[in-house]
Amino acid sequence: MAKPKYSFIVPVYNRPDELRELLSSLCDQQATHFEVIVVEDGSEQKADKVVEAFAGRLDLTYLFQPNSGPGAARNNGASQAKGQWLIFLDSDVIVPPGYIAALDAMVKLPSLFGGPDKAASDFSATQKAINYSMTSFLTTGGIRGKKKAMEAYKPRSFNMGIEATLFHKIEGFRAMRFGEDIDLSLRAEKAGTKGVLVEEAWVYHKRRSNFRQFYKQVFNSGVARIHLHLLHPGSTKAVHTFPALFAVAVIFLAVWALLFNANRLLPLLIYSTFILVDSTIKNGLPAGILSVPAAFVQLVGYGLGFLKAGFEVYALRRKPKFGFAETFYK
């Protein structure tokens with residue numbers, strides 16, 4: 001069998017049904033010069049039977065390890081990969097048929113790249129709203145997958161490609177529970193390689209299915225930003241502080257309105273209207289309505305995590321702790 005050009009590496013934890021959808025979407029690719037490595041990260045609901053069902057349709061490798069986090073799982077998969085390019089996907093994504101063809105069509109594939117994520121038409125209104133809050137310029141400044149953004153693009157590990165030689169040169173993902181993909185991108189930059197956005201290499205991304213799970217995710221992302229600043233001084237930009245300022249403003253305005261004057265909520269109402277209209281145009285009214293609370297969960301959750309970790313580091317002079325580290329996958 002010819003050596004594959006691409007090695008898709010997928011860490012999975014208690015998500016056999018989502019993995020089935022991902023593997024099925026990879027069967028629909030218009031190319032076959034790739035392999036898939038599934039790394040089971042100590043799951044109780046194992047996906048081995050799911051992988052077996054695709055054994056004759058994909059070049060598949062299944063690895064099992066004690067629960068160590070997605071970064072360690074990706075490193076494990078990379079150690080077994082045979083492709084020139086390593087492509088890391090989250091288990092909750094679906095790959096459109098033209099994904100590999102889009103990469104093959106490039107004259108020169110960047111050494112480090114990533115692609116955007118989108119919401120499929122059959123996603124729930126909540127999933128569409130969460131996707132909107134994570135990808136809209138109005139909420140994140142476009143830093144997760146738009147060429148016009150408030151920060152230089154950093155590939156995220158839900159859809160990240162890297163040349164195998166570069167990955168091993170910078171020694172893969174560090175032993176971080178959160179923010180490990182941004183850390184890898186920053187270390188690649190120090191090695192002389194900047195991440196490139198390949199807009200045609202997008203995926204459908206299911207993300208979290210409810211706001212409680214979503215809040216935990218973004219809270220930990222806020223904490224991770226302080227960790228990243230300690231590891232990479234100067235990496236924190238103005239766009240990363242906006243959610244913290246937003247969280248403080250929301251709390252201040254809410255208390256002021258409750259005690260003195262409800263008109264103080266007008267700025268938040270205007271912002272909410274922009275979110276509602278923009279998301280409704282893009283995703284329909286149900287998702288548009290839910291995009292308002294999703295945006296506030298995303299910004300306030302991230303902001304509170306950022307403030308908590310910053311207080312621990314700079315006021316208490318101690319290492320910040322993740323608020324929900326024991327429930328990373330939940």
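I began with glutamate 180, which is buried at a relative accessible area of 5%. This is a predicted model, so I treat every value as computed from it.

**Entry: the Arg74–Glu180 pair**

I looked for the partner of glutamate 180. Its side chain meets that of arginine 74 in a salt bridge, at 2.8 Å from N to O. The two sit in distant parts of the chain: arginine 74 in helix H3, glutamate 180 in helix H8, 106 residues apart. Arginine 74 is buried too, with a relative accessible area of 2%.

**Entry: other salt bridges**

I then searched the whole structure and got 13 salt bridges. One of them joins glutamate 21 to lysine 206, with the closest N and O atoms 2.3 Å apart. Glutamate 21 is in helix H1 (residues 16–27), and lysine 206 is in the loop between E10 and H9, 185 residues away. I checked cover on both sides. Glutamate 21 is partly exposed at 36% relative accessible area. Lysine 206 counts as buried because its 14% relative accessibility falls under the 20% cut-off.

Next I took lysine 82 and glutamate 35, whose side chains form a salt bridge of 3.0 Å, N to O. Lysine 82 is in the loop between helix H3 (70–80) and strand E4 (85–89), while glutamate 35 is in strand E2 (residues 34–41), so the pair ties together parts 47 residues apart in sequence. Lysine 82 is partly exposed at 41%. Glutamate 35 is buried at 0%.

I also noted a network of salt bridges linking Arg15, Glu18 and Asp92.

**Entry: alanine 188**

I stayed with helix H8 (residues 180–190), which also holds alanine 188. Is alanine 188 buried or exposed? It is buried, with a relative accessible area of 0%. Leaving out neighbours within four places in sequence, I found alanine 188 in contact with Leu112, Ile170 and Thr193. Its C-alpha atom is 8.3 Å from that of phenylalanine 167, which is 21 residues away along the chain.

**Entry: helix H5**

I turned to helix H5 (residues 125–135). Nine of its 11 residues are buried, so the rest of the structure largely encloses this helix. Among the buried ones are Gln127, Lys128, Asn131 and Tyr132. What covers them? The cover includes E7, helix H6 (137–140), E10, helix H9 (211–231), H11 and helix H12 (285–314).

**Entry: a three-stranded sheet**

E7 and E10 came up again when I looked at sheets. They belong to an open sheet of three strands, in the order E5-E10-E7, with mixed pairing. The edge strands are E5 (93–94) and E7 (117–118), each pairing on one side only. E7 and E10 (residues 203–205) run parallel and are joined by two bridges. Lysine 118 stands opposite tyrosine 204 in E10.

**Entry: surface patch**

I looked for nonpolar surface. Leu138, Leu266, Leu269, Ile270 and Phe274 make a patch of about 480 Å². Helix H11 (residues 266–283) gives the largest share, four residues. Isoleucine 270, in H11, is partly exposed at 42%.

**Entry: whole chain**

The chain has 12 helices and 10 strands. Its radius of gyration is 20 Å, close to the 20 Å of the globule rule for 330 residues, so the chain is as compact as a globular protein of that length. The C-alpha atoms fill a box of roughly 75 × 45 × 45 Å along the principal axes. Of the 330 residues, 55% count as buried. The chain exposes about 15100 Å², and carbon and sulfur atoms supply 59% of that.

Methods:
Residues are numbered from 1 along each chain as its sequence is written. This is a predicted model: local features need pLDDT of at least 70, side-chain atom pairs count only at pLDDT 80 or more; totals for chains, interfaces and linings use all residues. Side-chain values use heavy atoms; hydrogens and water are left out. Two strands pair if DSSP finds at least two bridges between them. Patches are made of residues with over 30% relative accessible area and no salt bridge: like charges are joined within 9 Å, nonpolar side chains (Val, Leu, Ile, Met, Phe, Trp, Tyr) within 5 Å. Accessible areas come from the Shrake-Rupley method with a 1.4 Å probe; for residues, only the protein chains shown count as cover. A salt bridge is a side-chain nitrogen of Lys or Arg within 4 Å of a carboxyl oxygen of Asp or Glu. Buried means under 20% relative accessible area, exposed over 50%, partly exposed in between (1.4 Å probe, protein chains only). The radius of gyration is taken over C-alpha atoms; the globule rule is 2.2 Å times the number of residues to the power 0.38. Contact means heavy atoms within 4.5 Å.
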